[in-house]
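Biologist: Could you put the model up so that we can go through it together?
Modeller: Of course, here it is.

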Amino acid sequence: MSDLAALEQRASAELAACADEAALRAWNTRYFGNNGEMLAALKAIGGIPKEERKTYGQEANRIKEALTNAYEQKLAEVKERALSASLTSNPLDVTLPGRPVPRGRLHVATQVMRQITAVFADMGFQVYRSREVESDEMNFELLNMPPHHPARDMWDTFHTTIPGVILRTHTSPGQIHVMREQCPNPIRVILPGMCYRYEAITTRSEIQFQQVEGLVIGERVTMADLKGTITAFARRLFGQERHIRFRSSYFPFTEPSIEVDIDWPKDDPNADRLTKGTGWLEIMGAGMVHPVVLRNGGYDPAKFTGFAFGMGPQRITMLKHAIDDIRQFWGNDLRFLRQF
Ligand code: PHE
């Protein structure tokens, strides 16, 4: 028997003995891999004496063809068998309805932030982001609070290991950033973001909370603009029938300063508790930007005026949804979060 015939016989027998895919692949490498025997037999064609070359070549190619076909057929069979075995040994009913994929949702704080942003966007405000880690200078000094100013007691904060670098206690330092960037252009922005205060955690106060600052600077901006803007905002968020009350107040960076209350529906069973019996609920601090702050931002107070406000969207959310504990916001309790 010629070498080729012997090769064919041996390869066919071995192929027939292969029981699974791994064995088949090994067989394929043995005969058709880079150092495979079949490949070697084909390469040998060149060295065959001329008169035998043609017959040898034809035979070698026929065997190669036959083995390749047999291999592919066997491989398909083995794969088919493995598939049906896995389907019957571990039956999968593809007609069963799928399990519902739990859908996420926006955190209630994010939802309210977006509502607030949308209302101000309609009034032509842009959103400006500013940093949470601030210098003492930005957070206090440039807002008209020198180092030993008693008003600093209202905003105790967290200090970093770098002297003078703190976590901001309010979004107001953002006012300075915007002014210095925009001066001498008019400004109409809101600055949403996280703030930090070192205080006892209670149902009404957290060490971390969001604020939305607002800043408008221009020529002939007046207190009437401030009142109109805030009234429009409160009615959009809480209903057109809301009444708004302005109380005089004090902030070092605004003069005059006010606090804004909205009336709370008397038929709400929580009204008394929320308003401490007064019927009014505070939603923000505000005022006309202090001349010192305008100057620190680069604006000439003889020419420019402006107003600013700062509100806590968590407090607003608590009002909207009758939430009685501010700690729920960052508590990550799904039972709370799924309600919104
Ligand atoms: N920054 C003040 C606070 O945190 C709020 C405020 C902002 C008041 C802007 C007036 C003007 O309480």
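Modeller: Before we start on distances, note that the domain bounds come from an automatic or database domain assignment, and that this is a predicted model.
Biologist: OK, which domains is the protein divided into?
Modeller: The division gives domain 1, covering 2-89, and domain 2, covering 108-337.
Biologist: And what distance separates their centres?
Modeller: Taken over C-alpha atoms, the centres of domain 1 and domain 2 are separated by 80 Å.
Biologist: Switching to pockets, how much space lies in the largest one?
Modeller: The largest pocket holds about 760 Å³ of space, and of the 34 residues that line this pocket, those closest to its centre are R197, F209, Q211, E282 and G310.
Biologist: Which element gives the most to that lining?
Modeller: That is β8, which contributes six residues, while the elements that each supply at least two residues include β5 (208-218), β9 (305-311) and α11 (313-321).
Biologist: Now the helix α5, how far does it reach?
Modeller: Helix α5 spans residues 108-122, and its 15 residues reach 21 Å from the first C-alpha to the last, close to the 21 Å expected at 1.5 Å a residue.
Biologist: Which of its residues are buried?
Modeller: In α5 the buried residues are V108, A109, V112, M113, I116, V119 and F120; they cover an arc of only 140° around the axis, so they sit on the same side of α5. On the other side of α5, R114 and D122 are exposed.
Biologist: What about phi at R220 and N332?
Modeller: R220 has a positive phi of about 65° although it is not a glycine, and this residue sits in the loop between β5 and α8 (223-238). For N332, also not a glycine, phi is positive and near 60°, and N332 has its place in the loop between α11 and α12 (334-337).
Biologist: Why do they count as exposed?
Modeller: R220 counts as exposed because its relative accessibility is 72%, and N332 because its value is 62%, the cut-off for exposed being over 50%.

Note on methods: Residues numbered from 1 in each chain as written. Predicted model: local features only at pLDDT ≥ 70, side-chain atom pairs only at ≥ 80, totals over all residues. Heavy atoms only, no water. 1 Å grid on protein atoms, 1.4 Å probe; cavity = no way out; pocket = protein on both sides within 12 Å on 5 of 7 lines; lining within 4 Å. Points joined across faces, edges and corners; volume = space filled by probe spheres on them. Helix = DSSP H or I, 4+ residues; strand = E, 2+ residues; numbered from the N terminus. Expected span 1.5 Å × (residues − 1). Buried < 20%, exposed > 50% of the residue type's maximum accessible area, 1.4 Å probe, protein only. Arc of directions from axis to C-beta.
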